[in-house]
Amino acid sequence: MFGGELTSELKCLACGHTSRKPDPITDISVSVPPVDELPAGATTISIEQLLADHFKPELLSGSNQFNCAACQVRRDTTKAMKLTAAPP
């Protein structure tokens, strides 16, 4: 069967505690921006750039803070998705 594993990683920016949750996947959905939202002068975008944007870490802060299991309070956190097992 075609499939792999994607791991969600949350890292507390206060104490460094990291939690990981693996999930089996059969596909990866990426957002393709409209041509008018591409960088100046660009008319195309590569699959490599789409994947880089998809897997770019995001900051969870303010009302999006995550409850750190180690600190036991809501903290600024980075959230990243990682491909931990590629399809065969």
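Contact here means heavy atoms within 4.5 Å. Keep that cut-off in mind for the tour. The model is predicted: local features need pLDDT of at least 70, side-chain atom pairs count only at pLDDT 80 or more, and totals for chains, interfaces and linings use all residues. Residues are numbered from 1 along each chain as its sequence is written, and side-chain values use heavy atoms, with hydrogens and water left out.

**Stop 1: the whole chain**

Show the protein chain as a cartoon. Look for one helix and six strands. Helices (H or I, at least four residues) and strands (E, at least two) are DSSP runs, numbered from the N terminus. Along the sequence the order is β-β-α-β-β-β-β.

Now turn the model. The C-alpha trace spans about 45 × 40 × 15 Å along its principal axes. The radius of gyration of the protein chain is 16 Å, while a compact globule of 88 residues would have one near 12 Å. That radius is taken over C-alpha atoms, and the globule rule is 2.2 Å times the number of residues to the power 0.38.

The accessible surface comes to about 6300 Å², and carbon and sulfur atoms hold 54% of that. Areas come from the Shrake-Rupley method with a 1.4 Å probe; for residues, only the protein chains shown count as cover. Buried residues make up 17% of the 88. Buried means under 20% relative accessible area, exposed over 50%, and partly exposed in between (1.4 Å probe, protein chains only).

**Stop 2: glycine 3**

Select glycine 3, in the segment before S1. What does glycine 3 contact, leaving aside neighbours within four places in sequence? Ile25, Thr26, Ala86, Pro87 and Pro88. Then pick threonine 43, 40 residues from glycine 3 along the chain. The two C-alpha atoms are separated by 32 Å.

**Stop 3**

Select residues 4-12, strand S1. Seven of its nine residues are buried, so S1 is largely enclosed by the rest of the structure.

Two strands pair if DSSP finds at least two bridges between them. Zoom in on glutamate 5: proline 24 in S2 stands opposite.

Follow the chain into the turn. S1 and S2 form a hairpin with five residues between them. Glycine 16 in this turn has a positive phi of about 85°. Alanine 14 lies in the loop between S1 and S2. Is alanine 14 buried or exposed? It counts as exposed, because its relative accessibility is 52%. From here, find alanine 80, which is 66 residues away in sequence and 17 Å away in space, C-alpha to C-alpha.

**Stop 4: strand S6**

Select residues 77-85, strand S6. S6 runs antiparallel to S1, and eight bridges join them. Check two places along this pairing. Threonine 7 stands opposite lysine 82. Cysteine 12 stands opposite threonine 77.

The bridge partner of glutamate 58 in S6 is lysine 79.

**Stop 5: cysteine 12**

Go back to cysteine 12, in strand S1. Cysteine 12 counts as buried because its relative accessibility is 3%. Which residues does cysteine 12 touch, not counting those up to four places away in sequence? They are His17, Cys68, Cys71, Arg75, Asp76 and Thr77. Also pick phenylalanine 66, 54 residues from cysteine 12 along the chain. Their C-alpha atoms are separated by 8.0 Å.

**Stop 6: glutamine 72**

Select glutamine 72, in the loop between S4 (66-67) and S5 (74-75). Glutamine 72 has a positive phi of about 65°, although it is not a glycine. Most residues other than glycine have a negative phi. At 58% relative accessibility, glutamine 72 counts as exposed.

**Last view**

Zoom out again. Residues 24 or more positions apart account for 51% of the contacts with a separation of 6 or more.
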